[in-house]
Amino acid sequence: MADYNALKELALSCGFSHVGDLDVDTIVVRPEVRESCAENKCRSYNKNWVCPPACGTLEECSEKIHKYKRGLILQTTGLLEDSLDYEAMMELADHHGKHMDQFSDKIHELFPDAMVIGDGQCRRCKICTYPDAPCRFPDKKSSSMEALGMVVSEVCADNGISYYYGPGTLTYVGCVLIE
Ligand code: SF4
């Protein structure tokens, strides 16, 4: 069995602000999240291999997720000047993405079958091959928690890790399913 304390230390060394245990049995995929993807507010719908519809049906996503039992929740928290501080939001998103990429490389060295789930669309390539050619890095591509049908705040609450760290803070969340 994996040494989860050591893996949490590894994740913190990649820059995450908070890391918590994830019991995969708590994860419920919800059709309403998928419906909100289809509204395409994030402009990623049908644009890459890791968002709907290419990432598979909700049932297929649930099946992929529930092949695992344990993992970690990974969070990057930052401060905003106010709720319109888009510059800080973008910067924080970029930091979180870098933490995820770094951790993804390290966890795959230890657990090649680990499933890394980020936020937003996959950032491995500058331009995704979708839909003209197969994914360049099928073992390293990462879907977002929402794309797979998860309600991020619910997954955090069900695993006893906060999602809100006080006024003026913003937290980006990802997770990794390990074994
Ligand atoms: S690894 Fe590249 S080709 Fe594959 S989903 Fe990510 S961005 Fe697209």
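By class, how many nonpolar, polar and charged residues does the lining of the second largest pocket have?

A: Happy to. Keep in mind that this is a predicted model. The lining of the second largest pocket has 11 nonpolar, three polar and six charged residues. This pocket has a volume of about 400 Å³, and 20 residues line it, with Lys64, Met115, Pro138, Asp139 and Lys141 nearest its centre.

Two of those names lead on to other parts of the structure. Met115, for its part, is touched by Leu177, whose other contacts include Leu22, Val24, Ile27, Ile65, Tyr68 and Ile117.

Leu177 brings us to the largest nonpolar core, which has 23 residues; Ile65, Ile117, Met145, Met150 and Leu177 touch the most other members. Two or more residues of this core come from each of α3 (58–65), β3 (115–117), α5 (152–158) and β4. As background, nonpolar side chains tend to be buried together in soluble globular proteins. A separate core of 16 residues has Ala2, Tyr4, Leu72 and Leu74 among its members.

Within α3, Leu58, Cys61 and Ile65 are buried. They lie on the same side of α3 because they cover an arc of only 60° around the axis. Glu59 and Glu63 are exposed on the other side of α3, while the buried residues of the helix pack against α2 and β4.

Both α2 (31–38) and β4 (169–177) turn up again at the largest pocket, where they and α4 (86–110) each supply at least two lining residues. This pocket holds about 910 Å³ of space. Its lining counts 27 residues, and Cys42, Asp119, Gly120, Gln121 and Glu146 lie nearest the centre. By class, the lining divides into 14 nonpolar, eight polar and five charged residues.

α4 also gives the most to the lining of the largest cavity, with four residues. That cavity, one of two of 30 Å³ or more in the whole structure, contains about 140 Å³ of space. Among its 14 lining residues, Met100, Asp101, Gly118, Arg123 and Ser142 are the closest to the centre. Here the lining has three nonpolar, six polar and five charged residues.

Technical notes: Residues are numbered from 1 along each chain as its sequence is written. This is a predicted model: local features need pLDDT of at least 70, side-chain atom pairs count only at pLDDT 80 or more; totals for chains, interfaces and linings use all residues. Side-chain values use heavy atoms; hydrogens and water are left out. On a 1 Å grid over the protein atoms alone, a cavity is a set of points where a 1.4 Å probe fits but cannot get out, and a pocket is an open set with protein on both sides within 12 Å along at least five of seven lines; lining residues have an atom within 4 Å of a point. Grid points are joined across faces, edges and corners, and a volume is the space filled by probe spheres set on the points. Ala, Val, Leu, Ile, Met, Phe, Trp, Tyr, Cys and Pro count as nonpolar, Asp, Glu, Lys and Arg as charged, and the others, Gly among them, as polar. A nonpolar core is a set of buried Ala, Val, Leu, Ile, Met, Phe, Trp, Tyr and Cys residues joined through side-chain atoms within 4.5 Å. Buried means under 20% relative accessible area, exposed over 50%, partly exposed in between (1.4 Å probe, protein chains only). Contact means heavy atoms within 4.5 Å. The arc is that of the directions from the helix axis to the C-beta atoms. Lists of a residue's contacts leave out its neighbours within four places in sequence.
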